[in-house]
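This report describes a protein model by way of its fold, its nonpolar cores, one of its pockets and a few individual residues. Please keep the sequence and the structure in view while reading.

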Amino acid sequence: MNFEQVEKIIKLVKDNEVQKFKYKDYEHEIELDFTQDNQQATQTIEQTSTAANNENSAHSSSSDQASAASDDLKEIKTQMVGTFYLQDEKELTDPVVKVGDQINEGDIVGYIEAMKVMNEVTSDVSGTIEEILVDHGSNVEYDQTIIKVK
């Protein structure tokens, strides 16, 4: 990927007012995040070869594991792109889960609306909900952490 292609991607993301963007293939990875305080844009552009990518993946996963171990929190992530809801209705009256709730693996923790269909989000971990990172009615991306469980 050359510099001109990267510039075009950044321009498209900014022009369409996208808050977060991530692209990854076998040789390149681009992540743009415009959600920082004071609208400061942080842009991380990383190019790696296939061999270096494997080495970086091992390094980043070990550092991720170290931070996860220090927090002792498990994450529930989204399986698709869409709008996240804490119940199966758009108006929040009775959320499926709240902070402090005990959940088990397979329990429904919310819903993602994609293409006018409400899809269940199930937990792949058991524990107590410590933090809900996404507001009811917020847009979510694939593999985004939405709930932290202890």
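## Terms and basis

Two residues are said to be in contact when heavy atoms of theirs lie within 4.5 Å. The model is a predicted one, in which local features need pLDDT of at least 70 and side-chain atom pairs count only at pLDDT 80 or more, while totals for chains, interfaces and linings use all residues. Residues are numbered from 1 along each chain as its sequence is written, and side-chain values use heavy atoms, with hydrogens and water left out.

## Overall fold

The secondary structure amounts to two helices and eleven strands, where helices (H or I, at least four residues) and strands (E, at least two) are DSSP runs numbered from the N terminus. In sequence order these elements give the pattern α-β-β-β-α-β-β-β-β-β-β-β-β. Among contacts between residues at least 6 apart in sequence, 51% join residues at least 24 apart.

Of the 150 residues in the protein, 27% are buried; buried here means under 20% relative accessible area, exposed means over 50%, and partly exposed covers what lies in between, with a 1.4 Å probe and protein chains only. The protein exposes about 10100 Å², of which carbon and sulfur atoms supply 45%, the areas coming from the Shrake-Rupley method with a 1.4 Å probe and, for residues, with only the protein chains shown counted as cover.

## Nonpolar cores

In soluble globular proteins, nonpolar side chains tend to be buried together. A nonpolar core is taken as a set of buried Ala, Val, Leu, Ile, Met, Phe, Trp, Tyr and Cys residues joined through side-chain atoms within 4.5 Å. The largest such core has 15 residues, and those with the most contacts inside it are Ile76, Phe84, Val97, Ile103, Val109, Ile146 and Ile147. Strand E7 (108-114) and strand E11 (145-149) each supply at least two residues of this core, with E11 giving the largest share, three residues.

Residues up to four places away in sequence aside, Ile103 touches Ile76, Val97, Val109, Ser123, Val125, Ser126, Gly127, Ile129 and Val149. A second, separate core of seven residues includes Ile9, Val13, Ile30 and Phe34.

## The second largest pocket

A pocket is found on a 1 Å grid over the protein atoms alone, as an open set of points where a 1.4 Å probe fits, with protein on both sides within 12 Å along at least five of seven lines, and its lining residues have an atom within 4 Å of a point. The second largest pocket has a volume of about 280 Å³; a volume is the space filled by probe spheres set on the points, which are joined across faces, edges and corners.

This pocket is lined by 14 residues, of which Lys20, Asn139, Val140, Glu141 and Gln144 lie nearest its centre. Strand E5 (82-85) and strand E10 (138-140) are the elements that give two or more residues to the lining, and E10 gives the most, with three.

## Loop residues

Thr78, in the loop between strand E4 (74-77) and E5, is buried, because its relative accessibility is 3%. Beyond its neighbours within four places in sequence, Thr78 is in contact with Ile112, Val140, Glu141, Tyr142, Asp143, Gln144 and Ile146.

Asp143 itself is found in the loop between E10 and E11, and its phi is near 65°, a positive value in a residue other than glycine; at 42% relative accessibility, Asp143 counts as partly exposed. Met115, in the loop between E7 and strand E8 (117-122), also has a positive phi, near 55°, and is exposed, with a relative accessible area of 81%.
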